[in-house]
Amino acid sequence: MSFADLKSKRQPSSKSYVSVLSPPASVPTQSSPQASRSRSVQHDTTPGEFYKQLPASLEIRRSEHSGRGLWTRECLKAGTVILSVEPHSFALSNQHLDSHCSSCAKATSTSPLMRCSGCATVWYCNNSCQKTDWNLHKRECSALQTWAKAAPSDALAVPSDAVRCLGRILRQIKSKGLDSDWSKEIQAMQSHRVSLQQPASVEAHTHLAHSVVRYLGLEAPSELAEFGVRSAGDLVDLISRFSTNTFALTVPSLTPIGVSVSPLVALINHSCLPNAVVLFPRSGKYNAKEPIMNVVALREIAAEEEVLTAYIDTTLPKSQRQKVLEETYYFTCQCLLCKRDSTIIDPREALWCPRRCGGMCPLPNEENPLSRCTNCKVTITDPYGVMDATRIGQEALDKATFLQSCDHTKAKQLTTNVIPILLSAGLTPSCHPLLALLKLHQSLLVSSFSDQLSQELLDESIRTAAKYTAGLSTVLDEGHPVRGVALAELGKLLAVDEPAPSSPPQTNTFPPSGPARLKMAYETLLRAREELLVGFGRDNDGGEVGQNVRDSIVSSEKELGVWTTGVRNALEDIPRPVRASLGR
Ligand SMILES: C[S@@+](CC[C@H](N)C(=O)[O-])C[C@H]1O[C@@H](n2cnc3c(N)ncnc32)[C@H](O)[C@@H]1O
């Protein structure tokens with residue numbers, strides 16, 4: 001068997017673990033909002049036999065248009081942790097290997113990490129983490145050394161996170177046995193092998209398959225059989241399962257640091273208006289081995305409703321969302337956001353009314369250059385100027401995203417220059433690509449903070465964070481963890497000691513200074529905590545971010561108290577008639 005052509009013409013395997021369907025679910029009442037969706041949905045009882053971590057509150061059902069999915073048996077409140085599982089496998093991306101523990105995925109910020117002396121590639125918090133990981137790492141360690149020796153350059157000395165993660169999965173399939181529940185769950189993940197037609201994706205799958213085989217150190221394709229891979233088709237299935245069922249491994253503040261796989265969580269279908277979210281809150285509440293993957297309800301989910309998460313960034317406009325969903329997940333999204341009446345303006349693609357009447361105009365494009373305010377009906381005068389600005393913004397975003405890790409100054413120059421162009425073209429802060437540029441600009445500004453932080457840099461960071469938060473609040477529901485994290489960052493920036501506060505304190509500018517700024521910080525942190533309790537789960541106390549925010553609230557409260565006492569003491573010294581006029 002050659003690995004050169006992995007796009008096998010074999011029919012999908014008849015050996016399916018999910019082919020037995022029980023009779024249809026009990027018919028929901030016509031008045032239920034879920035009723036019409038549930039009608040074409042069937043209970044799928046077989047998989048539950050090996051999904052040992054499936055809680056009693058959920059069940060697996062199958063629908064015609066999206067395959068298997070997870071459905072609730074009972075009403076779940078916003079902020080409920082629906083699922084909490086250890087992923088089957090995870091791998092840190094190459095640039096995070098020396099800054100995060102390869103066993104528990106914790107960042108170095110608190111203590112320095114220890115490097116594995118064998119492969120000199122993976123790092124651990126301490127001996128205990130290294131010991132925990134040794135069972136998996138022992139074979140990986142020599143594979144990493146062999147790979148590095150054969151690498152044509154230093155840049156290619158470590159295989160990608162996908163190759164390392166697949167390597168771990170295959171080694172575990174071998175050690176646990178093909179008939180173990182663990183392996184069955186992996187095999188039961190959905191494969192899109194039959195839909196692989198685009199040359200680019202065939203090539204990407206082939207390349208990944210070659211790399212995995214090389215990484216495992218196999219000499220003959222027949223050696224793959226002990227990993228449950230008996231043909232080229234099986235190998236393509238495995239790669240396809242991996243690409244459509246992986247999740248980003250993220251730090252508590254949601255920055256991606258690698259890939260992770262949980263077959264149970266992967267049963268959840270997609271919506272651009274999700275009712276749940278997948279994250280790694282690191283609440284420290286359970287003694288389970290981190291990283292722990294949680295699925296949290298973003299709003300109340302009714303009994304008999306499907307749990308839906310977003311596979312993609314839902315702040316993107318429809319065309320971009322649909323492109324990724326079609327290319328990576330092979331379906332056309334039919335969610336309410338994607339199907340909504342095109343005459344309703346989407347804040348992801350909107351301009352302020354040029355007359356500033358408070359209304360918005362749709363972002364013009366080549367097909368629809370005419371754009372008028374939904375409120376006062378005035379038309380925008382220079383649609384082609386807006387289109388140019390948007391195109392320049394997208395190019396700058398792509399370039400600055402690429403440059404942020406290798407040329408920070410250039411990346412910051414780009415975002416600094418292009419944001420005013422988009423603002424003067426009239427884009428709202430929620431409009432793409434302005435929202436994404438604001439996020440990137442904020443992170444570039446904050447990462448340039450030093451001991452000699454200037455008031456100007458701090459204030460510019462706060463203004464950017466405020467615009468970004470305002471933009472997010474129109475495209476993401478309250479309680480969405482991305483909103484919570486953005487609010488927490490804004491609150492923390494407002495709480496930073498002002499390097500050169502204005503005297504007397506300014507209250508009418510943004511950001512204000514002195515006590516007004518501290519009060520704003522306090523109120524923003526309170527709002528952040530409320531949202532984080534939903535997005536990261538009430539049971540998790542809002543996760544690590546929510547717990548940090550709670551600590552910041554306590555210190556802001558103390559600081560505000562000092563201010564209030566200081567003001568009261570000062571007022572005690574004021575003559576009585578003046579004090580009376582101040583209402584004291
Ligand atoms: C992570 S899996 C979800 C579980 C999957 N339905 C199953 O049966 O295993 C992702 C795949 O589910 C299907 N899917 C998920 N959400 C969908 C949706 N909203 N509409 C149609 N298909 C969907 C697509 O085939 C997608 O590639």
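Biologist: What volume does the largest cavity have?
Modeller: This is a predicted model, and the values given here are computed from it. The structure holds three cavities of 30 Å³ or more, and the volume of the largest cavity is about 80 Å³.

Biologist: Which element gives the most to the lining of the largest cavity?
Modeller: The residues lining the largest cavity are F90, A91, L92, L97, S102, V122, E140, R164 and R168. Two elements, β5 (89-92) and α4 (161-176), each give two or more residues to this lining. With three residues, the element that gives the most is β5.

Biologist: How many residues in the lining of the largest cavity are charged?
Modeller: Sorted by class, the lining of the largest cavity has five nonpolar residues and one polar residue. E140, R164 and R168 are among the lining residues, and the charged residues number three.

Biologist: Between which domains does the second largest pocket lie?
Modeller: The domain assignment gives domain 1 (59-87 + 262-340), domain 2 (89-246) and domain 3 (350-499 + 510-567). The second largest pocket, with about 1,200 Å³ of space, has 35 lining residues, of which E349, P362, L363, N365 and N368 are the closest to its centre. Because two domains both give residues to this lining, the pocket lies between domain 1 and domain 3.

Biologist: Which element gives the largest share of the lining of the second largest pocket?
Modeller: By class, this lining has twelve nonpolar, eleven polar and twelve charged residues. The elements that give two or more residues to the lining are α8 (318-329) and α9 (383-403). The largest share is five residues, and these come from α9.

Biologist: How many residues does domain 3 give to the contact with domain 1?
Modeller: The centres of domain 1 and domain 3, taken over C-alpha atoms, are separated by 26 Å. On the side of domain 1 the contact takes 19 residues, while the number from domain 3 is 21.

Biologist: Why is one side of β4 and of β11 left without a neighbour in the sheet?
Modeller: Three strands form an open sheet with antiparallel pairing, in the order β4-β12-β11, and the twist from one strand to the next averages 10°. One side of β4 (81-85) and of β11 (276-279) has no neighbour in the sheet because both strands stand at the edges, each with a single partner strand.

Biologist: Which residue in β12 stands opposite V81?
Modeller: β4 and β12 (residues 293-297) run antiparallel and are joined by four bridges. In β12, the residue that stands opposite V81 is V296.

Technical notes. Residues numbered from 1 in each chain as written. Predicted model: local features only at pLDDT ≥ 70, side-chain atom pairs only at ≥ 80, totals over all residues. Heavy atoms only, no water. 1 Å grid on protein atoms, 1.4 Å probe; cavity = no way out; pocket = protein on both sides within 12 Å on 5 of 7 lines; lining within 4 Å. Points joined across faces, edges and corners; volume = space filled by probe spheres on them. Nonpolar A, V, L, I, M, F, W, Y, C, P; charged D, E, K, R; others polar. Pairing = 2+ DSSP bridges. Axes fitted to C-alpha atoms, helices over the stretch in contact; angles between N-to-C directions. Domains from an automatic or database assignment. Contact = heavy atoms within 4.5 Å.
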